[in-house]
Amino acid sequence: MGYLSNTVVTVDAILTKKGRELLARGDGSFKITQFALADDEIDYTLYNPTHPSGSVYFGEAIEAMPLLEAFPDENQIMKYKLTTLPRGTAKLPILDLGFSAIRLKQGASLAITPQTLNYLGSSQAFESAGYVATIADARVLSTFNGVGINTQEATALNSITTLGTNVSKTVIGTSLNLTGTTINTLFGTNTELTTTITVIGRDSGARLTIPVTIVKVNQ
């Protein structure tokens, strides 16, 4: 979603790739239950408290910036979501997955339990609403699901299969389970498959993307 003009309230709303995929299923899995706001296009360094014309003009440069049109790649838009944090928060929450990169052999499994740092007055915490995780290319994993959150939304996402197509997959949970693919034909002449996983805290809005590599096992 994006504002087409900053002179009138005109909003352009489109579906992401994942939204279009769910809508195309026609099985009722496409349900909008939440929304988020972001300020990806705003450069706050342009705020000028020394503007010679006074306080009314401190944010003039920001207000005059062109606004982004909506585009459907959920991995490239809304990276900086607006969140509500307790008054007096001095540090923004950040995610810790325990890994800076994931490297798995074919068929190997890994469990990830994300933690949120600098959140709710604690140096380290788990978010009660869990985490949203998106693998950019679902083909590289034979198993990708979230556990620990038993809402209808989480159950629906975790049960979705991709039928071997090159699409992303999103799951919800307090922990994430990954298993590298065992399909050799996906590798072709390559010895490794690479993609990324993006994890977002559902309460804090903290976001982290790390690379994922699946290593072919010679038979």
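Two strands count as paired if DSSP finds at least two bridges between them. Strands (E, at least two residues) and helices (H or I, at least four) are DSSP runs, numbered from the N terminus.

The model is predicted: local features need pLDDT of at least 70, side-chain atom pairs count only at pLDDT 80 or more, and totals for chains, interfaces and linings use all residues. Residues are numbered from 1 along each chain as its sequence is written, and side-chain values use heavy atoms, with hydrogens and water left out.

**Exercise 1.** Determine the strand order of the open sheet of three strands, and which strands stand at its edges.

*Solution.*
Step 1. β5 pairs with β11 (residues 175-180) in the antiparallel sense over four bridges.
Step 2. Within this pair, Ser-109 lies opposite Thr-179 of β11.
Step 3. The order is β5-β11-β9, with antiparallel pairing.
Step 4. β5 (109-112) and β9 (141-147) each have a single partner strand, so one side of each lacks a neighbour in the sheet.

**Exercise 2.** Describe the largest nonpolar core and the surroundings of Ile-102.

*Solution.*
Step 1. A nonpolar core is a set of buried (under 20% relative accessible area, 1.4 Å probe, protein chains only) Ala, Val, Leu, Ile, Met, Phe, Trp, Tyr and Cys residues joined through side-chain atoms within 4.5 Å.
Step 2. The largest such core has 23 residues, and Ile-102, Phe-144 and Leu-176 are among those with the most contacts inside it.
Step 3. Elements giving two or more residues to this core include β4 (102-105), β9 and β11.
Step 4. Leaving out residues up to four places away in sequence, Ile-102 touches (heavy atoms within 4.5 Å) residues including Leu-110, Ile-112 and Leu-178.

Definitions and conventions. Buried < 20%, exposed > 50% of the residue type's maximum accessible area, 1.4 Å probe, protein only.
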